[in-house]
Amino acid sequence: QTIFLKDYAEPHHWVDTVHLTFKLAPRATRVMSKIVFKPNEANTGDLILNGEDLTLLSARINGAAIPHEQTDRHLIVKQADLPDGPFTFEAEVEISPETNTALEGLYMSSGMYCTQCEAEGFRKITYYPDRPDVMGVFTVRVESDLPVMLSNGNPQASGEGWAEWHDPWPKPAYLFALVSGDLLAHSGQFTTMSGKTVDLNIYVRKGDEDKCAFGLQALIDSMRWDEQVYGREYDLDIFNIVAVDDFNMGAMENKGLNIFNSSCVLASAETSTDATFERVEGIIAHEYFHNWTGNRITCRDWFQLCLKEGLTVYRDQMFSGDMRSHAVKRIEEVLQLRARQFREDNGPLAHNVRPESFVEINNFYTATVYEKGAEIIGMLRRLIGDEAYYKGCNLYFERHDGQAVTIEDWIKAFEDVTGRDLTHFQQWYSQAGTPRLSVTESWADGSLTLTFTQSTPPTPGQDDKRPQVLPIMIGLIAPDGSEVVPNTVLEMTESTQSFTFDNLAERPVTSILRDFSAPVILQRDIDAKTRAFLLAHDTDPFNVWEMGRMLAKDTLVAMITEGTPPTTDYLDALKTMLSDETKDPAFRALCLALPSQDDIAQTLFDAGTTPDPMAIYEQREELRHILASFLQDILPDLYDKNDAGAFKPDAEGSGKRALRMAVLSLLTLNDQGKAAQKLFETADNMTEQAGALMALLSAGIGQEELASFYAQWFHDRLVMDKWFMMQIAVAAPLEAAHIAQNLTHHSDFDMKNPNRFRAVFGALQGNHGGFHAPDGAAYKLLADWLIKLDPLNPQTTARMCGAFETWKRYDADRQSMIKDQLKRILGTPNLSGDTTEMVTRILGA
Ligand code: ARG
Ligand code: ZN
């Protein structure tokens, strides 16, 4: 059942209004629907409704029973049996939320009812044309034994055991939501730019109400930011967020009723790290921003997913940059992009930002659609400039409000405001793979010429690649350190292209791909002197970090492949950087962090060397020890100076703690864990408590602290996720699988909770040395559990299969062990379509 973009056709029927009544009961919820349809004159035909796992009790059209066909996926009424013109379809179905472990449709989590409909979950609630181009005005009545009853839009009426909601904005079914539970609200208000007051609520289970204040503030900040930066105002009287413990993804932008994985909305100093605070802020913003980019203007079909996701990620990134530090945020984004999207784009799962076919759309909520999708928006803005960018956005909002549209519509808005032809640029959506960009320089008579060459390696199903449009931001710096050409965007469109700068007094040093202006792999032969110069003088913080990163990577690669010890260049540069108090502590923390083992493995593979995971692990550990001893004079001082004092989850405090924890990790190798033990005992915040524990565990100690961490936090699900995750994440390669296996027998392990499952198996796959331990134990353990989880929760199973996507990098033994496991998964009887698609793609043709 592969679905193709090229086969898109409008539906036979549009929806006008939808009335739903839910009589909630754990195993026998009744859903009554009353839907007004009108024929689509442009494409007439049978009435085709999606429906899965539904027990149909009755179906009527205009009040009368009708002949219909039913399959396990559809209910179809022949065109000949339909009235002429608009008609009302009514149905009653029964569903069982309590046994819904797939967490798609209506399900139960810790005693509450909740929904997840994107992408195609609404069809598990009732019969409906479950496609994003069909939009209707929903009125919902909830009847429940539980006190809180929520749905989309504004509250309309309520009484003992029932509540009615009306959403005036037409929306596709994937934005439908319903919640009922014994919940508490943390409330606030926001006054919009036109003076309307909006009630804000974050609903949580009892006991979590003290973890909502930060999320509420993030929501208020997001609402204000979208008004100030994009001119977008909120459009209902109320905005509700609900925290749910069992959730497949991060969160969901249902109209007026966002539903969040509790890990992405709850935050308190004692239980959440700075990274969690930052993530909560970013995801709250992301879901809120969807109100315009996703809800008011939605996608015509699921191939256009990046239309709302790439743009909304870009918007949340800009917001976080404004709230914190743009330089630090950009480095974090690039780290993520390389770790997840480049990894995907350079393996068997590589796909277009706008895919052309899929079996299961849930498998395309990927780093490529989201993160590369966001990079495309950033490149567009860089090419046309800020003014044209906001003009284009405004035109898009005006022109398409209330519509379900495509990437072509998005691009057209920018063509219309700039008069540019963006056809070539648009190829970013239809060509997979990460371009390699190389550069040579020549200097003569005051002229510097930069010659760039780009090429993109083949990806599955796409052998021939064309050059992409690349905005390459550069700067030129004179030998005395002064900038002679400030930020300049070169627009590259050809395979090879030269750009010349004239009238230069002396040969400058070039800073290339500033702010990581295009998602490419820059292959630049740069000598040590130039690199050191840029490290000291570049005005672009991203490139300063990048130079340090390259040094660290080269150092590790030389240690691994040639046994060469680190150069003093690297060690001295790092020391200078760390001691430079004019630099932001958050930035220094990023400079101190070593490239991940996975990153090194990819780098070696790209350079034609088969990565040896054990050597990578050992040499990286070796380098940590070398750094600890080389930096021993400055570590204690850095540690003391960066005590942020009373906990505040802002950029300044979190930056200091980030540096302090990075320093502590090395310090622990020198002081047998003294400082870390002390901090573990005295810390009043999770960043430092968990940081101390991680430092100890990474040094091979800390078992006592691990036990006392459990005793202190066993009652808190989200902190327990960290407890599971930490010990696996930093386990030595030969122990990781064993530790993970033991933890699956722990009484707090619950495979049905995606957060807990990911805490264990996400940590195992993220522990590069442990996952690729030579005995293959981790491969087998993960496969065992994927096979167990698949019948319960196909979506999370399929997603976790990505652990194997890099298998072609490794030696023949590892490849054959992984292949055996993939084949074993694929051979499982009744394997879900989700997992089948993923494993098939990973195995390749
Ligand atoms: N639209 C949501 C977001 O980006 C993601 C929901 C995806 N859920 C899924 N089951 N595929 O915030
Ligand atoms: Zn999103």
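Predicted model: local features only at pLDDT ≥ 70, side-chain atom pairs only at ≥ 80, totals over all residues.
Local features here need pLDDT of at least 70, side-chain atom pairs count only at pLDDT 80 or more, and totals for chains, interfaces and linings use all residues. Residues are numbered from 1 along each chain as its sequence is written.

UniProt, in an unreviewed entry, lists residues 216-428 as "domain: Peptidase M1 membrane alanine aminopeptidase"; such annotations may be inferred rather than shown by experiment. Over that range the chain is 54% helix and 9% strand, with end C-alpha atoms 36 Å apart. Helices (H or I, at least four residues) and strands (E, at least two) are DSSP runs, numbered from the N terminus.

Now for helix α1, residues 213-230. Its end C-alpha atoms sit 25 Å apart, which agrees with the 26 Å that 18 residues should span at 1.5 Å a residue (the expected span being 1.5 Å times one less than the number of residues). Buried residues (20 or more other C-beta atoms within 10 Å of their own, C-beta atoms being placed from the backbone) include Phe214, Leu219, Met223 and Trp225. What do the buried residues of α1 pack against? Contacts (C-beta atoms, placed from the backbone, within 7 Å) go to these elements:

| Element | Residues |
|---|---|
| β17 | 183-191 |
| β18 | 197-205 |
| β19 | 238-244 |
| α2 | 274-289 |
| α3 | 305-323 |

Just past α1, Gly231 has a positive phi of about 65°.

Then there's an open, antiparallel sheet of 3 strands, ordered β28-β27-β30. Strands β28 (483-492) and β30 (509-512) are the edges, each with a single partner, so one side of each lacks a neighbour in the sheet. Pairing takes at least two DSSP bridges; β27 (residues 470-477) and β28 share 7, and Met473 has Val489 in β28 as its bridge partner.

Notes:
Chains lettered and ligands numbered in written order. Buried ≥ 20, exposed ≤ 12 C-beta atoms within 10 Å, placed from the backbone. Contact = placed C-beta atoms within 7 Å.
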